[in-house]
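I opened the notebook to look up a few residues one by one. My entries follow.

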Amino acid sequence: MIEGFALRTWLAGMVAVVTATIMFAYSRDVQLALIALVGGAAATVIARSIGDNDLAEPDAPGDGDQPLELAPVLEAILDPVVMVRDGRVIAANAPARLVLGQHIIGEDVRTAIRHPAASDYLSMPTNERGSAPIELVGLGAQDRRWQMRATETAPGTLIVHLLDQTGQHAAERMRVDFVANASHELRTPLSSILGYVETLSEEAGEDPAIRRRFLNIVFDEATRMERLVEDLMSLSRIEAEKFRLPSATVDLGVLAIEVHEALRHSHGTRGDDVVLRMDEGVLPVAGDRVQLSQVLHNLIGNAMKYGRDGTPVTVTVQAGARDAVMVRIEDESEGIAPEHIPRLTERFYRVDAGRSRSLGGTGLGLAIVKHIVERHRGRLDIASTLGQGTRVTVTLRAAER
Ligand code: ADP
């Protein structure tokens with residue numbers, strides 16, 4: 001039977017759970033609901049400890065009632081959470097100890113969370129602080145960003161909750177950089193086109209030789225813009241589908257022959273340097289035919305562009321371990337320095353921007369390859385030796401038989 005103090009503890013625990021549930025139902029904010037739950041649990045534990053000391057109303061021994069333990073509740077939360085009473089840290093879960101230090105229990109909270117904005121925020125009276133969180137930069141490590149929220153659960157008792165915003169901030173910065181880069185890449189050929197069209201409309205346009213030369217430049221720049229817009233559209237299409245696993249059956253050997261034929265037409269004599277090596281009995285892969293064609297097109301195209309003229313570009317399709325299928329594209333060139341390799345799949349990253357542009361590159365080819373391979377749950381490996389050449393390997397799953 002539940003009675004007396006045990007009943008109050010049980011009721012307080014239930015109130016904490018119900019408050020958290022209502023908060024979640026009302027706001028759909030898991031963090032807020034967790035704070036309410038932790039706060040409620042903390043209040044219960046405090047009430048119980050006060051009750052044990054002051055109220056002299058012990059539970060009947062052996063009544064089987066369990067107090068709501070605070071520590072397991074705190075430890076169940078994956079974000080750093082610190083409990084503060086009268087300005088001192090009285091509890092902290094493992095993620096909080098990892099960020100703030102293992103010895104913060106008992107410390108003044110302004111020493112434990114060593115950050116000027118956090119100190120100001122935590123020193124404010126509750127009615128001034130309100131429920132809005134603050135942003136902290138550089139806590140734990142220089143480039144880490146946090147959102148911190150303090151909730152008063154009883155007079156003098158605070159639950160301080162830190163939410164890691166580092167990844168979200170990096171993603172937002174990448175998005176902003178991407179828009180800025182794309183606009184810059186589009187503006188350059190556009191300015192050139194406008195300049196030449198203006199000159200053509202003046203006296204210079206009356207000279208047939210100049211007119212022909214300028215019109216050729218305008219055509220090349222417009223073609224560059226078209227390639228860029230096509231690549232940007234490809235990227236957004238691939239990203240929109242990234243969680244849909246492609247299910248068609250694609251024979252990579254047949255696809256490699258088709259792509260080689262297409263490149264032979266668009267890349268002149270360099271197409272003759274492509275050597276196709278197909279192993280016997282390689283299984284078809286589960287994939288999206290158009291996207292895999294784009295992968296081969298971009299990788300063989302790069303090997304043709306950046307490889308030395310007249311040297312072979314070898315394309316090998318072979319079986320890998322455990323029903324995997326591998327496509328390897330190798331070229332002979334001056335290669336890529338190791339520090340560039342991890343960044344090659346970033347949008348608009350080029351080792352030599354001038355060279356890439358003069359060869360018709362958009363700087364998006366490898367980013368597109370990476371996204372397509374990720375959508376196929378495959379693997380992309382780039383290896384290069386300076387002075388020798390580059391080898392790119394794509395590994396994909398064979399289609400189920
Ligand atoms: P781009 O349109 O500039 O070729 P990519 O995204 O396809 O863009 O490639 C990014 C950069 O990686 C290129 O600008 C180039 O500097 C480098 N790169 C890609 N493939 C090769 C290769 N096979 N050999 C040498 N460098 C390469």
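I started with the contacts of Val82. Leaving aside neighbours within four places in sequence, I found Val82 in contact with Val89, Ala91, Ala92, Ala96, Leu100, Ile104, Leu158, Ile159 and Val160. This is a predicted model, so I treat each entry as a reading of a prediction. Val82 sits in strand β1. Buried or exposed? I looked up Val82 for that. Its relative accessibility is 1%, so Val82 counts as buried, the cut-off being under 20%. I also checked a spacing. Val82 and Arg97 are 15 residues apart along the chain, and their C-alpha atoms are separated by 8.8 Å.

Next I turned to Ser356. Ser356 belongs to helix α12, which covers residues 353-358. Its relative accessible area is 2%, so I noted Ser356 as buried. Which residues does Ser356 contact, leaving aside its neighbours within four places in sequence? I listed Tyr306, Arg350, Gly361 and Gly363.

Then I looked at backbone angles. Most residues other than glycine have a negative phi. I noted two entries against that background.

Asp86 is not a glycine, yet its phi is positive, at about 50°. Where is Asp86 found? I placed Asp86 in the loop between β1 (81-85) and β2 (88-92). Val82 lies in that strand β1.

Arg377 lies in the loop between α13 (365-375) and β11 (379-385).

Last, I looked at surface charge. Which residues gather in a patch of negative charge on the surface? I wrote down Glu198, Glu202, Glu203 and Glu206. I followed up one of them, Glu198. Glu198 is in helix α8, residues 166-201.

Val82 is buried at 1%. Ser356 is buried at 2%.

Note on methods
Residues are numbered from 1 along each chain as its sequence is written. This is a predicted model: local features need pLDDT of at least 70, side-chain atom pairs count only at pLDDT 80 or more; totals for chains, interfaces and linings use all residues. Side-chain values use heavy atoms; hydrogens and water are left out. Patches are made of residues with over 30% relative accessible area and no salt bridge: like charges are joined within 9 Å, nonpolar side chains (Val, Leu, Ile, Met, Phe, Trp, Tyr) within 5 Å. Accessible areas come from the Shrake-Rupley method with a 1.4 Å probe; for residues, only the protein chains shown count as cover. A salt bridge is a side-chain nitrogen of Lys or Arg within 4 Å of a carboxyl oxygen of Asp or Glu. Lys and Arg count as positive and Asp and Glu as negative; His and the chain ends are not counted. The place of a charge is taken as NZ of Lys, CZ of Arg, CG of Asp or CD of Glu. Helices (H or I, at least four residues) and strands (E, at least two) are DSSP runs, numbered from the N terminus. Buried means under 20% relative accessible area, exposed over 50%, partly exposed in between (1.4 Å probe, protein chains only). Contact means heavy atoms within 4.5 Å.
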